[in-house]
Amino acid sequence: MKPTRWVAWAINPTGKGMVGSQSLVAYRNPNGILKAYTSPVMGYGTNLQEGNLSFQVPKISADFSNNEMTIFATIVLPKNMTTVSHVWQEGPVRGDNHLGMHPLGGDNVKSMGTLDLLSGKVTTTKGGTSGTLHFKQVHGIINAVSWGFLMPVGAITARYMKVFQSADPAWFYAHIICQSSAYLLGIAGAGTGIYLGNKSHGIQHSTHRTIGILLLVLGFIQVLALKLRPKKEHKYRIWWNFYHHSVGYAIIILSIFNIFEGFNILNPLKIWRLVYACILVALGAIAAILEVVTRVMVIRQRRKIENPETNVRAAA
């Protein structure tokens with residue numbers, strides 16, 4: 001393990017899982033000094049503050065060598081307690097020796113089991129979180145496809161395809177299909193997010209949640225705006241366009257930011273983050289090429305309108 005990580009091992013004498021566990025914690029600070037202490041875990045929002053456990057721990061120390069942290073401790077358990085539920089965890093050490101949140105995916109959500117103190121038999125359990133992890137993955141995929149892919153594709157379609165006369169009005173319907181599909185999928189993604197929030201008592205991802213709610217509101221406003229869209233000749237159409245484009249680009253920027261927030265929370269394999277980044281680069285490259293092509297086409301069209309006589313002589 002890296003020297004800037006903390007480790008913890010805990011016994012839960014009253015149940016299973018993290019809440020209620022009595023933990024032994026160790027980490028090495030930036031000065032290389034090891035610290036080992038006890039910390040009762042009373043909720044999911046714990047910072048692993050130092051405190052007394054529900055049982056005695058006369059001795060506790062730690063050793064860090066060969067990139068491995070080992071905790072040594074003597075614990076005095078209640079009488080007749082021969083089988084215990086135990087959990088283990090690791091996470092980053094932030095500045096000022098602040099212990100950061102451990103990853104919420106992979107092996108970090110499966111680190112629990114039972115320990116028979118008489119036989120020494122150790123049993124690892126699934127921790128009852130496999131279903132939640134599945135919903136997290138579904139939540140991430142739905143929102144990455146909707147807000148993170150279909151929304152930008154719909155915007156690209158509207159901005160560049162309308163320049164091609166042969167694409168009118170097909171570009172408009174393609175734009176509506178992309179954005180409507182993205183918003184409907186986004187609602188489904190929000191539903192999985194609400195489910196996960198109800199299942200994860202005490203775990204707060206305020207930034208991710210707030211941006212998600214804001215995206216739903218902005219998306220709904222965009223849908224309403226279609227009902228209020230003035231005709232092209234109307235004097236207020238320019239202001240409607242400004243509003244519609246501004247909110248649309250804001251949605252795309254917030255969506256991409258929130259998807260990477262989701263990556264940080266779920267902590268999937270790095271390949272998924274790389275794949276999505278490559279998709280964004282590809283969409284950006286397509287948009288850049290179309291920007292140049294359509295700019296040239298618009299300039300040529302304006303010249304034809306401004307200089308009709310030159311066009312007639314050139315044709316003759």
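Select N66 first: with a relative accessible area of 72%, N66 is exposed (over 50% relative accessible area is exposed, under 20% is buried and the range in between is partly exposed, with a 1.4 Å probe and protein chains only). N66 has a phi near 55°, a positive value in a residue other than glycine. The residue sits in the loop between strand 4 and strand 5 (68-76); helices (H or I, at least four residues) and strands (E, at least two) are DSSP runs, numbered from the N terminus.

This is a predicted model, in which local features need pLDDT of at least 70 and side-chain atom pairs count only at pLDDT 80 or more, while totals for chains, interfaces and linings use all residues. Residues are numbered from 1 along each chain as its sequence is written, and side-chain values use heavy atoms, with hydrogens and water left out.

Next, select L48. L48 also is not a glycine and has a positive phi, of about 55°. Its loop runs between strand 3 and strand 4 (56-65). Is L48 buried or exposed? L48 counts as buried, at 10% relative accessibility.

Now show the whole chain as a cartoon. The chain has six helices and eight strands, and in sequence order the pattern is β-β-β-β-β-β-β-β-α-α-α-α-α-α. Of its 316 residues, 34% count as buried. The accessible surface comes to about 19800 Å², and 62% of that belongs to carbon and sulfur atoms; areas come from the Shrake-Rupley method with a 1.4 Å probe, and for residues only the protein chains shown count as cover. Among contacts (heavy atoms within 4.5 Å) between residues at least 6 apart in sequence, 59% join residues at least 24 apart.

Go to strand 2 by selecting residues 22-28. Six of the seven residues in strand 2 are buried, so the strand is mostly covered.

Move on to P169, in the loop between helix 1 (130-161) and helix 2 (170-199). The peptide bond from D168 to P169 is cis, with omega near 5°.

The next selection comes from a record. In an unreviewed entry, UniProt places the feature "binding site" at H139, H175, H208 and H244; such positions are given in the numbering used here, feature names are shortened, and annotations may be inferred rather than shown by experiment. Start with H175, in helix 2. H175 is buried, with a relative accessible area of 12%. Leaving aside residues up to four places away in sequence, H175 touches G154, A155, T157, A158 and H244.

Which residues does H244 touch, not counting residues up to four places away in sequence? H244 touches H175 and Q222. H244 lies in helix 4 (residues 237-266) and counts as buried at 14% relative accessibility.

Return to helix 2 and select Q179. Q179 counts as buried, at 19% relative accessibility. With residues up to four places away in sequence not counted, Q179 touches L150, M151, G154 and A155.

For the last stop, select the spans that the unreviewed UniProt entry lists as "transmembrane region": residues 170-196, 208-226, 238-259 and 271-294. Residues 208-226 are 100% helix, with end C-alpha atoms 28 Å apart. Residues 238-259 are also 100% helix, and their end C-alpha atoms are 32 Å apart.

Finish on helix 5 (residues 270-306), which has 37 residues and reaches 54 Å from its first C-alpha to its last, close to the 54 Å expected at 1.5 Å a residue; the expected span is 1.5 Å times one less than the number of residues. Buried residues in helix 5 include Y276, L280, L283 and A287.
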